[in-house]
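Biologist: I would like to learn how to read a structure of this kind, one feature after another. Could you take me through it slowly, giving the general idea before the case at hand?

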Amino acid sequence: DRMVQKRGEVRTTVNLNRTTINWRVFSERRTDRTTADGDPLPTDEIQGAAFRFDWRFGARTSVNFNADIAEVDGIQNGDFWRAGVGFVYSLTSRVTLAFNMQHIEQNGAVGGFGGGGGTGGNGAGFDVDRATLTIGMQL
């Protein structure tokens with residue numbers, strides 16, 4: 001596939017003593033799309049927003065809340081949203097332990113997903129609840 005991609009994005013971060021707030025909004029347009037065989041594809045337009053709130057409530061412990069949403073119109077139509085909460089504990093200055101819970105929902109074939117199963121069994125979306133536990137190390 002070949003395409004011309006134009007993207008505009010505005011983002012900001014507010015850092016307070018124990019709190020960090022991030023947000024961003026974006027708009028993207030993909031034009032002049034063709035397949036590998038040279039067949040033309042329709043233009044894609046994507047708009048979205050994201051928000052994240054981090055609060056360090058202890059010397060080694062923090063909690064975060066996040067949400068994302070995106071809408072796609074074009075060859076793939078649909079919307080995507082995600083919301084979650086996470087907890088991070090610093091084991092050492094270079095090692096962290098994190099636990100995250102998220103709900104993710106997609107309607108339509110956004111980003112090439114949605115090919116199997118999906119909400120209502122129509123093959124055009126999904127609905128997921130997930131929990132992750134990770135150990136991170138800074139080298």
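Predicted model: local features only at pLDDT ≥ 70, side-chain atom pairs only at ≥ 80, totals over all residues.

Biologist: Is Arg33 buried or exposed?

Modeller: Arg33 counts as buried, because its relative accessibility is 12% and the word buried is kept for values under 20%. The side chain of Arg33 also makes a polar contact, at 2.5 Å, with the side chain of Asp44.

Biologist: How much of the protein chain is buried?

Modeller: Of the 139 residues in the protein chain, 26% are buried.

Biologist: How many helices and how many strands does the protein chain have?

Modeller: The protein chain has 8 strands and 0 helices, and when it is read along the sequence the pattern is β-β-β-β-β-β-β-β.

Biologist: How many bridges join E6 to strand E7?

Modeller: There are 13 bridges between E6 and strand E7, which covers residues 95-108, and these two strands run antiparallel. They form a hairpin, with 4 residues between them. Among the paired residues, Val85 has Met101 as its bridge partner in E7, while the partner of Asp79 in E7 is Asn107.

Biologist: Which residue in E8 stands opposite Asn107?

Modeller: Opposite Asn107 stands Gly125 in E8, and if you look at the two strands as a whole, E7 is joined by 13 bridges to strand E8, residues 125-137, again in an antiparallel arrangement.

Biologist: Now I would like to understand salt bridges, so what is the idea behind them?

Modeller: Side chains that carry opposite charges can pair when their charged atoms come close to each other. In this structure the count comes to 9 salt bridges.

Biologist: What is the N to O distance in the salt bridge of Arg11 and Glu9?

Modeller: The side chains of Arg11 and Glu9 meet at 2.4 Å, taken from N to O. Arg11 counts as exposed because its relative accessibility is 57%, which is over the 50% cut-off, whereas Glu9, at 33%, counts as partly exposed.

Biologist: Which residue forms a salt bridge with Asp54?

Modeller: Asp54 forms a salt bridge with Arg52, and their closest N and O atoms are 2.9 Å apart. Asp54 is buried, with a relative accessible area of 18%, but Arg52 is partly exposed, with a relative accessible area of 33%.

Biologist: Where in the chain do Arg82 and Asp68 lie?

Modeller: The side chains of Arg82 and Asp68 meet in a salt bridge at 3.2 Å, N to O. This pair links distant parts of the chain, since Arg82 lies in strand E6 (residues 78-90) and Asp68 in strand E5, 14 residues apart. Arg82 is partly exposed, with a relative accessible area of 24%, and Asp68 counts as buried at 18% relative accessibility. Elsewhere, salt bridges that share partners join Arg7, Glu9, Arg11, Arg24, Glu28 and Arg30 into one network.

Biologist: Which residues of the lining lie nearest the centre of the second largest pocket?

Modeller: The lining has 14 residues, and those nearest the centre of the second largest pocket are Asn22, Arg24, Ala50, Phe51 and Arg52. By kind, the lining residues divide into 4 nonpolar, 5 polar and 5 charged.

Notes:
Residues numbered from 1 in each chain as written. Heavy atoms only, no water. 1 Å grid on protein atoms, 1.4 Å probe; cavity = no way out; pocket = protein on both sides within 12 Å on 5 of 7 lines; lining within 4 Å. Nonpolar A, V, L, I, M, F, W, Y, C, P; charged D, E, K, R; others polar. Salt bridge = Lys/Arg side-chain N within 4 Å of Asp/Glu carboxyl O. Buried < 20%, exposed > 50% of the residue type's maximum accessible area, 1.4 Å probe, protein only. Pairing = 2+ DSSP bridges. Polar contact = N/O pair within 3.5 Å; in protein donor to acceptor, adjacent residues only side chain to side chain.
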